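Dear colleague,

My notes on what turned up in it come after it.

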Amino acid sequence: MSSPNDTGTRTEDRPGDGRTSPEDPGAAVLTRYQPPSLAASMHASLPRWAGAAASALGVLVAAALVAVTDVHVALAVVVGAVVGVAAFVVASRVVEGERAATDRFVTALVTMAFVVALLPLVSVVWTTVSRGLARFDGAFFTQSMYNVIGEGGGAYHAIMGTLIITGVATLISVPIGTLTAIYLVEYGGDNRLSKVITFLVDVMTGIPSIVAGLFSLALFTLVLGPGYRLGVMGSVALSVLMIPIVVRAVEEMLRIVPARLRESSYALGVPKWLTIVKVVLPTAASGIASGVVIAIARVMGETAPLLVTVGLTASTNFNPFEGRMAVLPVFAYYQIITPGIPPQAFIDRAWTSALLLILFVMVLNVGARVLARALAPKTR
Amino acid sequence: MSRQIDVSDLDIYYGSFLAVEKVTMEIKPRSITALIGPSGCGKSTFLRSLNRMHEVIPGARVEGKVVLDGQDLYGPGVDPVAVRRSVGMVFQNPNPFPTMSIYDNVLAGMRLNNKRLKRSEADAVVEHSLRGANLWKEVQDRLDRPGAGLSGGQQQRLCIARAIAVQPQVLLMDEPCSALDPISTLAIEDLMGELKKEYTIVIVTHNMQQASRVSDRTGFFNIEGTGKPGKLVEMDATDTIFSNPSVKATEDYVSGRFG
């Protein structure tokens with residue numbers, strides 16, 4: 001709007017001088033790039049079933065290729081996808097114009113990427129459910145493998161082991177992780193210590209789970225001597241994996257609590273620690289709870305660290321401080337890697353354990369959402 | 001419950017940056033003192049230094065004296081938390097606690113400090129404070145609803161109720177109406193007229209009509225340029241500031257011919 005020789009000082013004749021000035025090059029450029037009129041940009045649009053029709057065409061082409069020629073299925077699928085998208089985009093180009101065709105093209109790509117991303121998930125769920133249902137029975141949930149040699153038995157001992165060991169891991173990780181996050185957000189600020197902690201948390205996030213297991217094994221070997229296998233060793237290993245996740249989740253939740261809530265609490269004469277306990281944490285509670293539950297779900301299915309720390313046993317052990325414990329992932333691993341006779345009984349138990357782990361994780365994730373909604377601040 | 005504040009030679013720093021320089025003023029009890037001035041002149045910083053709220057920002061400190069009721073707020077051994085209990089504050093944006101009901105928001109100052117009240121006492125405090133904030137009639141039948149569900153003007157009056165429920169001696173208000181519509185603004189201004197019978201009120205405002213309507217005395221802050229400290233240019237009875245100020249800059253500012 002300002003002319004080139006305008007120095008930015010306030011002058012009396014300033015309002016309205018820029019746009020109409022003949023020697024303003026900016027205005028000249030703008031006239032050349034006037035947007036098209038609304039009437040000119042009107043166009044017809046493809047019918048709603050166009051997308052479905054194009055997909056059907058792609059599937060048809062792929063099926064025909066497989067039936068008639070002897071090309072590989074994967075290649076036929078690719079050709080079918082290309083043909084379907086091309087037909088869709090060309091039709092859109094003819095009927096709707098260039099901009100709409102670009103939109104259709106990107107929409108098609110995004111949709112296909114979504115389907116490709118979904119395939120492994122659907123495949124895993126399908127395989128696990130179809131093979132795991134064979135032993136999804138009462139005995140599986142009520143019996144251990146004590147005195148079971150071939151068929152029968154169950155994973156009661158492993159289910160209890162998984163619940164106890166992840167439970168103890170949660171009891172260790174949540175206080176440590178939450179307090180660390182509170183230090184980072186409320187007290188540390190930008191100081192050296194909090195930078196070091198943040199860096200270490202980042203490193204911890206990336207360590208392989210077997211290293212966590214070996215750490216716990218080494219720690220307990222140092223203290224108790226060699227040869228121990230305890231549930232609590234597994235809990236410590238899982239905590240090493242869980243703490244960084246909890247720190248990260250809680251830290252993020254605390255950071256989004258508005259500073260003005262802390263200020264209004266201070267202004268009421270409330271000390272800092274009470275402000276954190278009674279204003280900041282309750283406001284962030286919903287996010288913290290769901291972050292913790294998701295962290296639990298993350299470590300529940302860990303196999304390697306538990307393999308080296310808790311071992312396996314056939315009978316039920318409720319005491320994490322005494323003797324070996326069975327957990328679902330390790331149980332599934334041994335069932336499938338060292339089957340007895342008949343082998344199918346062992347393989348079935350392994351699949352049902354896998355199915356159960358998926359269900360646990362699913363229930364935890366749904367639980368996290370329910371919990372988050374229940375704890376979220378309400379407005380009505 | 002209202003007390004006089006005497007500020008003498010107050011310098012306010014953020015780290016090594018001098019934000020407000022050499023302010024000396026006398027804030028009279030049971031009156032409304034308005035602080036006006038252009039953006040960035042340090043009037044909010046000055047207001048926050050009156051209950052040591054500016055210390056929330058790392059590196060903030062003051063030199064000089066703020067004396068409330070014979071006691072220097074910045075004297076050795078004075079706890080900022082105790083200062084804030086006797087000098088309450090209302091902020092620009094209404095900020096009721098989102099996890100609390102209207103009832104609990106009013107009691108927040110006591111509840112958050114782990115003070116135990118009998119149910120009947122708590123009820124009495126809530127009603128007294130909400131009546132004091134002119135909000136009782138509107139919310140008396142929905143005290144258990146979340147405070148965040150009220151309108152902006154009601155939320156601000158809820159924050160005032162929350163501030164007076166802890167019985168401060170002084171009430172600081174930092175542009176309390178700038179996020180509100182004219183009707184809610186009028187409600188808050190009426191309320192200030194009521195509150196000054198009991199409290200010493202200091203208000204920062206960008207709205208000069210508001211300053212002239214509600215305040216007894218007005219202080220004009222100004223800044224010479226970016227990076228320079230803000231200063232108290234002039235302070236006098238509101239009528240004098242708006243009709244016959246002694247400094248040219250004040251006259252330019254209050255008449256809208258500025259900068």
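This is a predicted model: local features need pLDDT of at least 70, side-chain atom pairs count only at pLDDT 80 or more; totals for chains, interfaces and linings use all residues.

A search over all chains of the whole structure gives six aromatic pairs. In one of them, the ring centres of Phe140(A) and Phe141(A) are 5.9 Å apart with the planes at 80°, and since an angle over 60 degrees counts as edge-to-face, the pair is placed in that class. Phe140(A) has a relative accessible area of 0% and is therefore buried, whereas Phe141(A), at 31%, counts as partly exposed. Ring pairs also join these two residues with Phe136(A) in a cluster.

Another pair is found in chain B, where the rings of Phe46(B) and Phe221(B) have centres 5.5 Å apart and planes at 40°, so that this pair is tilted. It links distant parts of the chain, because Phe46(B) belongs to helix α1 (residues 43-49) and Phe221(B) to strand β9 (residues 217-223), 175 residues apart. Phe46(B) is buried, at 0% relative accessible area, and Phe221(B) likewise counts as buried, with 0% relative accessibility.

Two charged side chains lie over ring faces: Lys272(A) over that of Tyr187(A), at 4.7 Å from the ring centre, and Arg61(B) over that of Tyr13(B), at 4.3 Å from the ring centre.

As for the annotation, an unreviewed UniProt entry places the feature "domain: ABC transporter" at residues 5-245 of chain B. In the model, this span is 34% helix and 27% strand, and its end C-alpha atoms lie 23 Å apart.

Finally, the structure holds two cavities of 30 Å³ or more. The largest, with a volume of about 40 Å³, has a lining drawn from both chains, including Ser264(A) and Leu268(A) as well as Met89(B), Cys159(B) and Arg162(B). Helix α7 (152-164) of chain B and β6 (87-90) of chain B each supply at least two of the lining residues, and α7(B) gives the most, with three. By type, the lining of this largest cavity divides into six nonpolar residues, one polar and one charged.

The second largest cavity, of about 30 Å³, is lined by residues of chain A, among them Thr162(A), Ile165(A), Leu238(A), Met300(A) and Pro329(A). Helix α6 (residues 156-188) of chain A gives the most to this lining, with three residues, and the lining has six nonpolar residues, two polar and no charged.

With best wishes

Methods:
Residues are numbered from 1 along each chain as its sequence is written. Chains are lettered from A and ligands numbered from 1 in the order in which they are written. Side-chain values use heavy atoms; hydrogens and water are left out. Rings of Phe, Tyr and Trp (its six-membered ring) pair if their centres lie within 6.5 Å; planes under 30 degrees apart count as stacked, over 60 as edge-to-face and the rest as tilted. Buried means under 20% relative accessible area, exposed over 50%, partly exposed in between (1.4 Å probe, protein chains only). Helices (H or I, at least four residues) and strands (E, at least two) are DSSP runs, numbered from the N terminus. A charge sits over a ring if NZ of Lys or CZ of Arg is within 6 Å of the ring centre and within 35 degrees of the ring normal. UniProt positions are given in the numbering used here, feature names are shortened, and annotations may be inferred rather than shown by experiment. On a 1 Å grid over the protein atoms alone, a cavity is a set of points where a 1.4 Å probe fits but cannot get out, and a pocket is an open set with protein on both sides within 12 Å along at least five of seven lines; lining residues have an atom within 4 Å of a point. Grid points are joined across faces, edges and corners, and a volume is the space filled by probe spheres set on the points. Ala, Val, Leu, Ile, Met, Phe, Trp, Tyr, Cys and Pro count as nonpolar, Asp, Glu, Lys and Arg as charged, and the others, Gly among them, as polar.
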